[in-house]
Amino acid sequence: MLPFAELHLHLEGTLEPDMVFDLAERNRVRLPWRDEDDLRGRLSYRCLQEFLDLYYANIAVLRTEADFAELTDAYLARAARAGVVRAEIFCDLQAHTARGVPAPVVLAGVADALARSEADHGVSSGLILSFLRHLSAEDAVAAYDSALATGVELLGVGLCSSEVGFPAAPFADLYDRARADGLHTVAHAGEEGGPEYVWEVLRELGAERVDHGINAMADPALVAHLAEHRVPLTVCPVSNVVLHAVPSLSEHPLPAMLDAGLAVCVNSDDPAYFGGYLDTVLSAVRGLGVTPEQVATLSRNSIEASFLPEAEKRRLLAVG
Ligand code: ADE
Ligand code: ZN
């Protein structure tokens with residue numbers, strides 16, 4: 001099996017409907033859904049915001065350190081079966097602290113599962129604190145401070161949630177600070193927003209990787225810049241179809257992105273909400289007419305775009 005790094009994965013997006021109901025019962029949380037089937041029937045969306053509303057509603061069931069550890073461990077176990085050897089996982093800390101779950105509860109639970117991941121699942125891992133761009137930069141600063149205060153090791157910072165109408169520039173100082181603290185930087189852009197959103201996270205935030213970035217294809221100068229600088233784009237083809245960022249899988253720009261020489265890799269984004277983990281995403285990609293050689297390129301790109309030490313990248317590239 002080809003080795004893949006999964007670089008665009010929201011931990012909260014791995015909360016499967018059965019786990020939603022198990023945790024709701026354990027933590028005595030009342031859900032607005034009748035039962036698991038009712039929830040499963042709601043897993044289709046007209047747009048990004050409709051999905052986000054459901055995603056933020058379901059995390060109400062996550063309350064204890066053990067909940068976060070179980071959620072993380074379940075993802076790592078499933079990802080390993082899909083061929084993932086490296087996972088750089090986003091956590092939406094602000095979505096938990098806003099409902100009264102303290103940062104140390106969230107991050108200690110996640111970190112506990114990540115610490116066991118290599119031994120238990122053969123998956124090395126890192127944690128990316130993902131700021132919510134529909135909230136203020138001040139809120140993000142408070143989240144960053146509270147995360148640092150836990151002492152839990154962070155790999156990087158990211159930016160996600162609603163895109164159009166929520167500029168990235170206000171987060172520039174915080175990104176500078178995270179970089180000065182030795183952290184990596186990534187940001188969502190070009191999922192529902194146009195190429196200008198991608199330019200913004202490159203110019204204002206200095207993001208090392210762009211999460212999604214599919215709408216960059218509308219701007220030839222941007223495509224040339226991304227190709228020349230080998231800026232990694234963590235593309236999520238199944239997510240893009242389910243959230244109508246593209247009209248259909250057959251119209252997905254992934255083949256064109258590969259042809260343009262972009263440093264693209266593929267990822268599952270929110271697998272519990274979009275119908276599958278990385279193996280499902282790879283099956284969809286093969287159905288797009290992507291050749292076996294191109295799938296090998298996607299594997300290599302994912303390892304190269306990861307924030308693993310160079311020696312570890314070389315070891316994994318030799319396997320693939
Ligand atoms: N948070 C979780 N999934 C997301 C997505 N696809 N885009 C933006 N924010 C998200
Ligand atoms: Zn995402």
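Here are some numbered notes to read alongside the structure, which is a predicted model.

1. **Start with the zinc ion.** Four residues coordinate the zinc ion (ligand 2): His8, His10 and His188, each through NE2, and Asp269 through OD. These contacts span 2.0 to 2.3 Å. Along the chain, the donor residues follow the spacing H-x1-H-x177-H-x80-D.

2. **What is the arrangement of the donor atoms around the zinc ion (ligand 2)?** The 4 donor atoms subtend angles of 83 to 175° at the zinc ion (ligand 2), and the arrangement is therefore irregular. To be called tetrahedral, four donors would need all angles between 85 and 135 degrees.

3. Searching the whole structure turns up 1 cavity of 30 Å³ or more. The largest cavity holds about 100 Å³ of space. It is lined by 15 residues, and the ones closest to its centre are His10, Phe51, Leu52, His188 and Asp270.

4. Strand E5 (residues 184-189) and strand E6 run parallel and are joined by 4 bridges. Within this pair, Val186 stands opposite Arg209 of E6. To get from E5 to E6, the chain passes through helix H9 (residues 195-203), making a right-handed β-α-β crossover.

5. **The next step, from E6 to E7.** Strand E6 (residues 209-212) also runs parallel to E7, and 2 bridges join them. Asp211 has Thr234 in E7 as its bridge partner. Helix H10 (residues 220-228) together with E6 and E7 makes another β-α-β unit, and this unit is right-handed.

6. **And on to E8.** E7 and strand E8 (residues 263-266) are parallel strands joined by 4 bridges. You can trace the pairing through Pro232, whose bridge partner in E8 is Ala263, and through Val235, which stands opposite Val266.

7. **What covers the faces of E7 and E8?** Take strand E7 (residues 232-235) to begin with: Pro232 and Thr234 are on one side, Leu233 and Val235 are on the other, and all are buried, so that both faces are covered. E8 shows covered faces as well, with Ala263 and Cys265 buried on one side and Val264 and Val266 buried on the other.

8. **The largest pocket.** This pocket has a volume of about 230 Å³. Its lining is made of 13 residues, and those nearest the centre are Ser125, Gly126, Leu127, Glu153 and Leu155. Helix H6 (103-121) and strand E3 (124-132) are the elements that give two or more residues to the lining. The largest share, 3 residues, comes from E3.

9. Most residues other than glycine have a negative phi. Arg28 has a phi near 50°, a positive value. His212 also has a positive phi, near 85°. Arg28 is in the loop between helix H1 (17-26) and helix H2 (36-40), and at 77% relative accessibility Arg28 counts as exposed. His212 is in strand E6, and at 1% relative accessibility His212 counts as buried.

10. Gly100 is in the loop between helix H5 (93-97) and H6. With 52% relative accessibility, Gly100 counts as exposed, because exposed means over 50%. How far apart are Gly100 and Leu262 in space, C-alpha to C-alpha? They are 42 Å apart in space and 162 residues apart in sequence.

Key:
Residues are numbered from 1 along each chain as its sequence is written. Chains are lettered from A and ligands numbered from 1 in the order in which they are written. This is a predicted model: local features need pLDDT of at least 70, side-chain atom pairs count only at pLDDT 80 or more; totals for chains, interfaces and linings use all residues. Side-chain values use heavy atoms; hydrogens and water are left out. Buried means under 20% relative accessible area, exposed over 50%, partly exposed in between (1.4 Å probe, protein chains only). Two strands pair if DSSP finds at least two bridges between them. A crossover is right-handed if, with the strands pointing away from the viewer, the path from the first strand over the helix to the second runs clockwise. Donors are N, O and S atoms within 2.8 Å of the metal (3.2 Å for Na, K and Ca); water is not among the atoms, so sites may look incomplete. Four donors count as tetrahedral if all angles lie between 85 and 135 degrees; four count as square planar and six as octahedral if opposite donors are over 155 degrees apart and all others between 65 and 115; anything else is irregular. On a 1 Å grid over the protein atoms alone, a cavity is a set of points where a 1.4 Å probe fits but cannot get out, and a pocket is an open set with protein on both sides within 12 Å along at least five of seven lines; lining residues have an atom within 4 Å of a point. Grid points are joined across faces, edges and corners, and a volume is the space filled by probe spheres set on the points.
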